[in-house]
Structures are given as C-alpha cells and as structure tokens.
Amino acid sequence: PDQNEYRDTLIGRIQKYLYEKGEYDPSAEDAFCPALANRIDRNTGGIVIAAKNAETLRVMNQKIRDREVEKSYLCIALGTLSPAEGKLEGFLLKDEAKKQVSVHKRPVEGGRTAVTLYRTLAKKGGLSLVECRLITGRTHQIRAQLAAAGHPLLGDGKYGRERENKKFGRTGGQALYSYKLAFHFTTDAGCLSNLNGKVWTVEQVDFVDQYFPGTTIS
C-alpha cells in the first residue's frame, strides 16, 4: 500500500489467497496477518517473499538481515559498463518528499551504505543486459547506483533518460526484474531449515525476450 493504492495490493491478494485456502482467518482474535518479508519497487517485476505465520516472518527477516538470502536481478542499462563486471559502492540518501535517493561517494548524514555486484551478460545496440546481486538492500539501490555510474536503466522515469527510453520504445517502467532467489543459511533456520541450499529462478523475463532474444542466462 502507498498514497496511491490501498485496496488492490500484493499483500491483499496474498491474504485473499490464503483466506480462500483456509489458512488465514482475519476474524480470529489476535490473528497474525500474512506479511511481506521483502519488497520491490513499483514497476519492477519478480520474486518477493511473504510469510504465512509469525515465526516464519521472524526467521526470514533475520536471514535477510544476516545476508543469508541472495537476491539477484536482471536489468537493461543504457550504454556499456566498464569494467564489464564489478562492484558499485556508495552511500544512498533518501529524500522522502521526492521519493528519490541520491548517491554519494563518501558518508553523509542520514546516508546508508549500498553495495551492488554486477556483471554484463550481453551487449547490443547501445544497451547492456546486466545481472545485479544485492549485498545490501536499499530503496532504489540498483536504479540509483547504475544511473550515478552513467548507465541508467532503460525505461526508468525517475533516474533514467526520457529521450533514450522513447528511442528504444520502453515507457512502461524500468527494465528491472528480481529473477533469482537463493538461500544460503550459515546459522540455524528453525522452521525454514528445509529451504537451505534451494534456489528459485524465473526462466523468462519479458524485456530480455524483447531486447536480447535468444540470450541464455546462466
């Protein structure tokens, strides 16, 4: 939910699904409400994690904080990244009024450390298909850091280049997708121990098929 949408939300749909399955009773006294353990930006697609009970939420949140959950994204950036593979590091400062973050090379008051690993998977016609792995999980992290590096995401209306977005025919949101989730637990995971070592991958991403058809993601 945000200032524009309170009714038809992802968590609302999850709660409806669980209610219809008989796994969630909102009328029960002191009932736990199914909740998201992570989020993705508006107009970003991909995998999110939701917890059906309080214990699951507690454990999953701890694993995310301890960086035992690996989240990887696919995106299309403008231009060619140099080097083709590397690390983006900096400090992100959020402007609540603008709902936007700025990137700084040195610590700033209120700024939060942001680290992103990236590797270029393919290049064509002034665009690069890039895989990004989050070491930290900050608001707009990938979008802001790549834009600050001179390679904003295709279709990004907040950090991108409108002229380039129109040139390449991408105006419906940033080309960014949370496509892989891997669990690498190094400490006890309790009720979620069975997830250790498992990986979830989305095999087909629309903008990859559109701009880099035939590309194998590995």
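This is a predicted model: local features need pLDDT of at least 70, side-chain atom pairs count only at pLDDT 80 or more; totals for chains, interfaces and linings use all residues.
Residues are numbered from 1 along each chain as its sequence is written. Local features need pLDDT of at least 70, side-chain atom pairs count only at pLDDT 80 or more, and totals for chains, interfaces and linings use all residues, while side-chain values use heavy atoms, without hydrogens or water.

**Exercise 1.** Work out which residues of helix 1 are buried and which face carries the exposed ones.

Solution. 
1. Helices (H or I, at least four residues) and strands (E, at least two) are DSSP runs, numbered from the N terminus.
2. Buried means under 20% relative accessible area and exposed over 50%, with partly exposed in between (1.4 Å probe, protein chains only).
3. Ile11, Ile14 and Leu18 of helix 1 are buried.
4. They cover an arc of only 55° around the axis, so they lie on the same side of helix 1; the arc is that of the directions from the helix axis to the C-beta atoms.
5. Exposed Arg13, Lys16, Tyr19 and Glu20 sit on the face turned away from the buried side.
6. Just after helix 1, glycine 22 has a positive phi of about 80°.

**Exercise 2.** Describe the lining of the largest pocket by residue class and by element.

Solution. 
1. The lining holds 16 nonpolar, 16 polar and 18 charged residues. Ala, Val, Leu, Ile, Met, Phe, Trp, Tyr, Cys and Pro count as nonpolar, Asp, Glu, Lys and Arg as charged, and the others, Gly among them, as polar.
2. Strand 4 gives the most to this lining, with 4 residues.
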